[in-house]
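Hi everyone, thanks for making time for this. Let's look at one structure together and take it step by step.

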Amino acid sequence: MVEWFTVVQVAVAVIAGLFCIALGLGGKLPNDWTIGATAVVFALLLGQVVVSLIAPLVGNVATGSVLEFWTYLISAVLLPPLAVFWALIERNRWSNVILGVVCLSAAVMVWRMNEIWFVQIG
C-alpha cells in the first residue's frame, strides 16, 4: 500500500458512491456517468493490485495479516464488475443505488486494507 494512493482511492470511491446513490434515489437509470464512475473505482483497485504485488519486493511489507489483506483486495476487485453487470442487466434506478453501495464498500475495504498494511502488528 502507498498512503497517498489509498487516500485517492477512498476519496474517488466515496465521491462515486454518493454520486451513484444520489442519481439512483433521484430516479435516474444507469448511464455512462454512473457506470463510468464505478469503472474508475475498479481501475484504481486494479492499480492497487499492481502496487500490492510490487510493494513487498521493494521493502514495503505489510505489518498485518497478508492473507486478510489479499482477501479484502480480491473481494473489492470483484464487486465493481459484478455491480456493472447487474446494472446492465437490470436497468432501473435501484441499479444506480447498488453501484453506489459497491463504490462505498470499496472505500471501506481499501481503508481497512490500509490499516492491515500499516497499523497492525503480527
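Predicted model: local features only at pLDDT ≥ 70, side-chain atom pairs only at ≥ 80, totals over all residues.

The largest nonpolar core has 27 residues, and the members that touch the most others are Met-1, Val-41, Leu-45, Phe-69, Leu-99, Val-110 and Met-113.

Please find Phe-69 on the screen. Leaving aside residues up to four places away in sequence, Phe-69 touches Met-1, Gln-48, Ser-52, Met-113, Ile-116 and Trp-117.

Now let's zoom out. How many helices and strands does the protein have? There are four helices and zero strands, so reading from the N terminus you get α-α-α-α. The C-alpha trace spans about 45 × 20 × 20 Å along its principal axes. For a chain of 122 residues, a compact globule would have a radius of gyration near 14 Å, and the 15 Å of this protein agrees with that. Of those 122 residues, 38% count as buried.

Here is a number I like. Take the contacts between residues at least 6 apart in sequence: 84% of them join residues at least 24 apart. Ser-75 sits in helix 3 and is partly exposed, at 31% relative accessible area.

Let's compare that with another serine. Is Ser-95 buried or exposed? Ser-95, which belongs to helix 4, is buried, with a relative accessible area of 0%. Its contacts, again without residues up to four places away in sequence, are Pro-30, Trp-86, Ala-87 and Glu-90.

Next, the charged side chains. Side chains of opposite charge can pair when their charged atoms come close. A search of the whole structure turns up two salt bridges. In one of them, the side chains of Glu-68 and Arg-112 meet, at 3.0 Å from N to O. Glu-68 is in helix 3 and Arg-112 is in helix 4, so this pair ties together parts that are 44 residues apart in sequence. Arg-112 also forms a salt bridge with Glu-115, where the closest N and O atoms are 3.4 Å apart. Those two residues both lie in helix 4, three residues apart, which is about one turn of the helix. Put together, Glu-68, Arg-112 and Glu-115 are linked in a network of salt bridges. Both glutamates are partly exposed: Glu-68 has a relative accessible area of 27%, and Glu-115 has 31%.

Last stop, the outside. The protein exposes about 6,500 Å², and carbon and sulfur atoms supply 77% of that. Which residues form a nonpolar patch on the surface? They are Val-50, Leu-53, Ile-54, Leu-57 and Val-58, with about 540 Å² of accessible area together. Val-58 is in the loop between helix 2 and helix 3. Val-58 counts as exposed because its relative accessible area is 67%, and the cut-off for exposed is over 50%.

Technical notes. Residues numbered from 1 in each chain as written. Heavy atoms only, no water. Core = buried A, V, L, I, M, F, W, Y, C linked by side-chain atoms within 4.5 Å. Buried < 20%, exposed > 50% of the residue type's maximum accessible area, 1.4 Å probe, protein only. Contact = heavy atoms within 4.5 Å. Patch = residues over 30% accessible without salt bridge, like charges linked within 9 Å, V, L, I, M, F, W, Y side chains within 5 Å. Areas by Shrake-Rupley, 256 points an atom, 1.4 Å probe, with all protein chains shown as cover. Salt bridge = Lys/Arg side-chain N within 4 Å of Asp/Glu carboxyl O. Rg over C-alpha atoms; globule rule 2.2 N^0.38 Å.
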